[in-house]
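Please walk me through this structure in the viewer. Tell me what to select at each stop and what is there.

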Amino acid sequence: MLPCQLNIAVDGPAGAGKSSVARAVADALGLTYLDTGAMYRAVTWKALQSGYDIHDAETMGALAAGTRFEWRQEQTGLTLLVDGDLLHEGIRSESVTANVSLVASYETVRSVLRDRQRKLCTSRGVIMDGRDIGTVVMPGADLKVFLTANLLERAKRRLRELGGSDEELSGLMRSIAERDDKDSSREHSPLRPAPDAVIIDTTELNLQQVVELILRHANAVCAMEQEE
């Protein structure tokens with residue numbers, strides 16, 4: 001635990017380890033962890049399940065605005081409920097993964113979810129991960145971290161998560177590279193590190209090593225606050 005309460009933003013591309021790292025840091029520091037990516041995936045999943053036109057920005061914005069997001073405190077931390085139900089495992093499906101970048105590129109969607117995310121981090125002691133947390137959602141975060149890793153390593157990690165075979169590696173690399181391009185080139189809230197973010201290349205690091213690095217930076221921020 002830290003001698004002060006911090007708000008921490010964790011950003012980075014697909015496969016960089018954002019969610020795993022953010023959860024582990026939250027556990028270590030007693031912070032509230034918020035997975036913003038799950039919100040975009042939930043909207044995408046709803047659209048695909050209900051037959052909405054995901055290529056229509058206004059339609060997707062209306063769907064996002066009409067979706068009820070709630071966070072329920074559990075022993076394991078905050079759990080996201082969508083329209084009163086626990087998140088469906090379908091939000092991690094291949095179809096959602098293939099389309100979530102498109103849905104997340106619409107300002108009609110981002111403005112709705114961004115407003116809800118900002119309301120969740122009005123108090124201290126929050127760690128939030130995504131692709132525009134340090135630059136747009138929580139620009140005043142006490143500590144901003146940008147995680148990255150080379151394409152091959154990120155594809156290998158995703159392959160392990162999916163339990164796939166080595167033959168699928170090249171396809172995953174292409175998929176992740178396409179996602180990187182969409183996320184970094186989109187007009188609204190593109191993926192990029194905040195000017196004052198700590199950039200950590202996780203290619204050669206395991207989870208615990210990355211967490212320890214962030215904890216050191218968090219301790220340094222607390223020390224500076226206490227000196228002021």
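Select Glu70, which lies in strand S3 (residues 69–74); helices (H or I, at least four residues) and strands (E, at least two) are DSSP runs, numbered from the N terminus. This is a predicted model, in which local features need pLDDT of at least 70 and side-chain atom pairs count only at pLDDT 80 or more, while totals for chains, interfaces and linings use all residues. Residues are numbered from 1 along each chain as its sequence is written, and side-chain values use heavy atoms, with hydrogens and water left out.

Glu70 has a relative accessible area of 33% and is partly exposed. On this scale buried means under 20% relative accessible area, exposed over 50%, and partly exposed in between (1.4 Å probe, protein chains only). Now show what Glu70 touches: leaving out residues up to four places away in sequence, these are Thr79, Leu80, Leu81 and Gly84. Contact means heavy atoms within 4.5 Å.

Next, select Asp83, in the loop between strand S4 (77–82) and strand S5 (85–86). Asp83 is not a glycine, yet it has a positive phi of about 55°. Most residues other than glycine have a negative phi. With a relative accessible area of 28%, Asp83 is partly exposed.

Ser189 also has a positive phi, of about 50°, although it is not a glycine. Look for Ser189 in the loop between helix H8 (169–185) and strand S8 (198–201). Its relative accessible area is 11%, so Ser189 is buried.

Move on to the helices, and show H3 with helix H5 (residues 107–120): their axes come within 7 Å and cross at roughly 20°. That makes H3 roughly parallel to H5. Axes are lines fitted to C-alpha atoms, for helices over the stretch in contact, and angles run from 0 to 180 degrees between N-to-C directions. Angles under 35 degrees count as roughly parallel, over 145 as roughly antiparallel, 65 to 115 as roughly perpendicular and the rest as oblique. On the H3 side of this contact, select Ala57, Glu58, Met60, Gly61, Ala64 and Ala65; on the H5 side, select Thr108, Val109, Val112 and Arg116.

Val43, Lys46 and Ala47 of H2 make the contact with Met60, Leu63 and Ala64 of H3. These residues divide into five nonpolar, no polar and one charged. Here Ala, Val, Leu, Ile, Met, Phe, Trp, Tyr, Cys and Pro count as nonpolar, Asp, Glu, Lys and Arg as charged, and the others, Gly among them, as polar.

Now go to Arg158 in helix H7 (residues 151–162). Is Arg158 buried or exposed? At 18% relative accessibility, Arg158 counts as buried. Apart from neighbours within four places in sequence, Arg158 is in contact with Ala14, Gly15, Leu172 and Ile176.

Finally, zoom out to the whole chain, which has nine helices and eight strands. Its C-alpha atoms fill a box of roughly 55 × 40 × 35 Å, taken along the principal axes. Of the 228 residues, 48% count as buried.
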